[in-house]
Amino acid sequence: MSTPRSLLTAARTIGREECEALAKRALSFATADETRITINSGGRGNTRFAVNQISTGGDNYDATVAVRSTFGKRSAVVNTNKLDDASLKAAVQLAERLAKLSPEDPEAMPELGPQTYVEGKGWSESTASLDPSSRANAARAITEPARAAGLISTGYLETQAGATAIANSKGLFAYNKQTALSLTTTVRTEDGTGSGWAGATSHDFSRLDPVALGERAIDKAKRSVNPVAIEPGRYTTILEPTAVGNLIQFITNAMNARNADEGRSFFSKAGGGNKIGMKVVDERITISSDPLDPEAYANTFANDGQPVSKTTWIENGVVKNLPYDRYWAQKQGKSPLPTTGTVRMSGGTASLEELIASTERGVLVTRFWYLRPVDPRTILYTGLTRDGTFLIERGKITRAIKNFRFNESPIFMLNNLDALGRPVRVSASEAGGPGLAIVVPPIKVRDFNFTSLSDAV
Amino acid sequence: MLALDAARSAGAQYADVRISRNRVQSISTRERRVQGLSDNETFGFGVRTLVGGAWGFAASSDLTRDEVPRIARQAAAQAKANRAALVKPVALAPAPVTKDGTWRSPVKTDPFDIAIEEKVALLLAANEAALKVQGSRFVNSAMFFLREEKTYANSEGTFTVQTIYRASPTMTVTAVSSDFSDFQSRQSTDIAPMGRGYEHVLDAKLVENAPRWAEEAVQKLSAKPIEVGRYDLVLHPTHLGLTIHESIAHPTELDRVYGYEANYAGTSFVSPPEQKLGKFRYGPEIMNIQGDRMQDGSLGAVGWDDEGVQPETFLIIKNGIVNDYQTTREQANWLDWWYKQQGKPTRSHGCSYAQSWADVQFQRMPNVSLLPGEQNLKWDDLIAATDRGIAIVGDGSFSIDQQRYNAQFGGQLFYEIKGGKITGMLKDVAYQMRTPDFWNAMDMIGGKDSYWLWGAFGDAKGQPSQANAVSHGCPPTRHRGINVINTGRKA
């Protein structure tokens, strides 16, 4: 294990050679037909601030070994975070015992042999070396201007630095190191009538600007005071990139060839089969994933060791690919296609300001909250706007408006597309952690379905 | 003790350490096959320190003589770094010292003592029973078990050892129409996760219940779509638990009230406490909401919370009026004025919790339950008293705003009520509500014989988001004139 460089450094991972040695040790205890060892190691650091001061924080380190043992078509998985020989041996023995007790799985697939991987690029020293006092400085870059402006800031900075290795008894070995971080803040007015949010995420801390991020939230908080109620209904709506990111991941989450073929998905075709080759959204929309996307690096292999490469899911509005697991691909005579940890949606060149300027009357949404599925047949979700919802009139933001609940599908939304802006990396996880790496543009859509008003600020 | 000593040497005015070993077993199946079988164990420790009024926390899985004091010093150093932006120092309300406490969930059978074959056979038999129902196409079933062995010590002398169990059997049956134009699922929401052992799985009677869940999934395909409008709702405890969770339990978390969760979970409409305690009418006189970590088999039950406090049972809403909030030692002091006014000691209600050794503890909800009414009314009595309404069974889709005003809830099964009788099944139903209006519209409440413990495994709060497990007991209720929408759309 590499020694931490200072008392407070969060970055501590198990290196490639050590993972190989550790996997070899674990595999040496195995008697199963096939064994897969997955090693995850790493540190997480976080600093929370509330009411303009740091409220809590945390630094932790953990390393886990997962043993998957297979006898014929029977398998089981055991995880442990004790890495001494006796514990590893006990984990292997337990996995083998459980595997033997498991019934035969008619869909069992053999372990993969050695694979070729491209090197992941998602490691950044500026993130890995961020210690609690640097995190505290980033927090103060937001809390102090907020306090000076008579506002109340709350927020969260999280860093992750970890390594994943997969090895199996057929000689497969994969290794990847990745960092990730996110910084988000919600700034509220003292009277509780205004609230503004800003957030950013990256693998590289040096790409974030805490001061500018704080200023954005402060500006939104000031502009969002005393919102007025406008009637719920269908509005031309401009979604900032974060709001687009909030919704777009539900499309990729719903993509699964088997569910579609089985008739229980939006991607099921009436009469049977799936929607590959069918147009489902506006032709300006292309959605893809690429683990080497410089704005959204991700792991270059999947959990079972399959290499992951750039994949286009929707091209010019037409479903191009759906993920196939290895069993379903074999059964359907297709190539397996794993999912990836990134999403990129095509955009245009317009700025958010230009989208606003082109709008006669509409609603501007900063972000969404409490998104939950309502109807999987149409990927219909409900949720609410939050922390910066404004009315646009004659090309200008004229006033803050009360938050809305909506019931809408991102599929319908992308069929009502009016204009697209420039894609950017967004922090689109509701919980404010790094989440999925998402690059999306701001968009302007017609008839977004807001169904009720909320009194919440 | 090594950790507490090191933390004190590093300048901590207060420190606590949690060492825990969590074992989790899960088995998941679909139709006639086992999809996943895993047995996971995680072991480690976390040290929390208070230095000059600021918190620090560090954790590691290496429980060694070198690592323990290093992590304690790291927690203290982090607290010092966090002090940089300090405005109001943390002060802890007093708590009695427990020198040598032990507690164990009241389980009859340790789920880890039951053979895997028996568990797998039970799930596959239940799947088979569901698949026998014509029209049921897919079935997923699973069992999840947790055993947490937790040792806690703090610098004031408290030392406790607890063994906490949780068990959750689940099933979902999906029916697909013959022309692939519709699919509907029924989840086994009438089986709640609980703080019990394997006996809970046996009591769930999966094989016996599976055909009913399958039949209900098939019935949903031909159910009548709801006409939008205002209806009287009769809500079953298997549904209402989630509504209580979202619209009462969350907004009465004191950290939310004071803005500490504004960036994610949100704030609360039940604020400021000076204007709400003893004054704000949340619901009718018949509404009493209790916080506790005591109820037998509940997910929130413990002997001591994660800062060594023995939890107490308290009334959050008394005869419809806000009476108290959920607190930790840090937060109890914020309501000192109210407790003095009430002639009560200022003490934590025991609501501190961390999901694992690797996470810092903070305020989490205890069991928050709606107490039964004095008349011993039952589900059927509420239906019989309703002229035009919808009966909702089981929880479904849910969403609520960040101050807990505007919520929307679906369900598993919806029945039309006409003239005091159930006349048929409905679908695509969701109700939208404003919290105080919804609870003030409650005019009937079931009695003690209809009280039931609903449960949630995935209560999320905090950054990083931590999962809490909690139960909500309630009888059935009736709410007058609630806004109902139709969620069905065509793709």
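Helix H5 of chain B has 16 residues, which at 1.5 Å a residue should span 22 Å, and its end C-alpha atoms are 23 Å apart, in agreement with that value. The expected span is 1.5 Å times one less than the number of residues. Helices here are DSSP runs of H or I with at least four residues, and strands are runs of E with at least two, both numbered from the N terminus. The model is predicted: local features need pLDDT of at least 70 and side-chain atom pairs count only at pLDDT 80 or more, while totals for chains, interfaces and linings use all residues. Residues are numbered from 1 along each chain as its sequence is written, with chains lettered from A and ligands numbered from 1 in the order in which they are written.

The buried residues of H5(B) include B:Leu206, B:Trp213 and B:Val218, together with the charged B:Glu216 and B:Lys220. A residue is buried if 20 or more other C-beta atoms, placed from the backbone, lie within 10 Å of its own, exposed if 12 or fewer, and partly exposed in between. The cover over these buried residues includes helix H3 (116-131), E5, E6, E7, strand E19 (413-418) and strand E20 (421-427) of chain B.

Chain B is divided into domain 1 (2-222) and domain 2 (229-486), with bounds from an automatic or database domain assignment. The C-alpha centres of the two domains lie 21 Å apart. Their contact takes 42 residues from domain 1 and 38 residues from domain 2, two residues being in contact if their C-beta atoms, placed from the backbone, lie within 7 Å. On the domain 1 side, the elements giving two or more residues include strand E1 (14-30), strand E5 (136-154) and helix H5 (206-221) of chain B. That side divides into 16 nonpolar, 17 polar and nine charged residues. Ala, Val, Leu, Ile, Met, Phe, Trp, Tyr, Cys and Pro count as nonpolar, Asp, Glu, Lys and Arg as charged, and the others, Gly among them, as polar.

Between the chains, the contact takes 84 residues from chain A and 71 residues from chain B. Strand E2 (residues 53-71) of chain A gives the most to the chain A side, with eleven residues. By class, this side has 33 nonpolar, 34 polar and 17 charged residues. Pairing, for which DSSP must find at least two bridges between two strands, also crosses from chain to chain: strand E3 (residues 74-80) of chain A and strand E2 (residues 33-51) of chain B run parallel over three bridges. Here A:Val77 has B:Ser38 as its bridge partner.

B:Ser465 sits in the loop between strand E23 (452-461) and strand E24 (466-474) of chain B. B:Ser465 counts as partly exposed because it has 17 C-beta neighbours inside 10 Å. Beyond neighbours within four places in sequence, its contacts are A:Ala431, A:Gly433 and B:Ala460.

A:Ile438 stands opposite A:Val426, where three bridges join E19(A) to strand E20 (residues 437-440) of chain A in the antiparallel sense.
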